[in-house]
Amino acid sequence: VIKLNVREGDEVKRGDPLYSVDDDLQQADLNQNKATLANAQQTFDRAASLSKTGSGTQANLDSATSALRVAEARVNTSQTRLARRSGFAPVGGTIQQIYFREGEMVPERRPVLSIMPPGNMKLRFFVPETELPKLAIGDEVKVTCDNCAADLTAKIYFIATTAEYTPPVIYSLDERSKLVYLIQARPSRPDVLRVGQPISVFLNPRTPMADKR
């Protein structure tokens, strides 16, 4: 059963706790192995003491040493299994989607949630063929959106080589040609944008190209 520490849309830093799942069995296993380790340590200490005085045999000391190492390994394994019952943010970013809700059972090897690091943010917009010659990889475009800062820009890193039909849902400021080319750009300030947020992209002050990222 899962217990969540975050919600969709939350900003997290690397190392922040995200969720935990029931760990009763893992905790009991760790406690049992710790008790076995304590006994193995006592047996080793006695064997080592006897060996120093010449009252014990090397075989007994070797056996106690081996048992101690095995007990230590089992405790380490139990601690690892217990630690894996909690999830921590591997990177900083925004919680995009949570696949399980509080109290639900999480199957083995299933993702619990997804995080969008700021560096993975991209803008997607479409231009008609007549505008394509004006663009090149590395070009900077102006970006605007509702209540956003006035100095947002993005740098183009991808230009499609083949045309496609205008997507059925596209936020436009004027009528578009039927065939358009997909352009992708990295925003200069990804932290101020949200996934799916409608934006306007300006190739120059008089040429608005609107879509959503």
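Two strands count as paired if DSSP finds at least two bridges between them, and strands themselves, like helices, are DSSP runs numbered from the N terminus, with at least two residues (E) for a strand and at least four (H or I) for a helix. On that basis, in this predicted model, 3 strands form an open sheet in the order S1-S3-S4, with antiparallel pairing. The edges of the sheet are strand S1 (2-4) and strand S4 (86-88), each of which pairs on one side only. Direction ignored, neighbouring strands of this sheet are turned by 20° against each other on average, where the axes are lines fitted to C-alpha atoms, for helices over the stretch in contact, and angles run from 0 to 180 degrees between N-to-C directions. Strand S3 (residues 17-21) and S4 run antiparallel and are joined by 3 bridges, and tyrosine 19 stands opposite glycine 87 in S4.

Residues are numbered from 1 along each chain as its sequence is written. Because the model is predicted, local features need pLDDT of at least 70 and side-chain atom pairs count only at pLDDT 80 or more, while totals for chains, interfaces and linings use all residues, and side-chain values use heavy atoms, with hydrogens and water left out.

The predictor's confidence in each residue, pLDDT, runs from 0 to 100; the chain averages 85, and 90% of the residues score at least 70. Confidence is lowest in strand S13 (residues 207-212), at a mean of 49, and highest in strand S9 (residues 153-159), at 94. Where pLDDT is low, the predicted coordinates should not be read in detail.

The structure holds 1 disulfide, a term that covers a pair of cysteine sulfur atoms within 2.5 Å. This link joins cysteine 145 to cysteine 148, with an S to S distance of 1.7 Å, and is left-handed, with -100° about the S-S bond.

The table gives relative accessible areas, for which buried means under 20%, exposed over 50% and partly exposed in between (1.4 Å probe, protein chains only).

| Residue | Relative accessible area | Class |
|---|---|---|
| Cysteine 145 | 15% | buried |
| Cysteine 148 | 23% | partly exposed |
| Alanine 73 | 39% | partly exposed |

Alanine 73 lies in helix H2 (residues 58-83), and its C-alpha atom is separated by 9.3 Å from that of leucine 37, 36 residues apart along the chain.

Arginine 186 lies over the face of tyrosine 157, at 4.5 Å from the ring centre; such a placement requires NZ of Lys or CZ of Arg within 6 Å of the ring centre and within 35 degrees of the ring normal.
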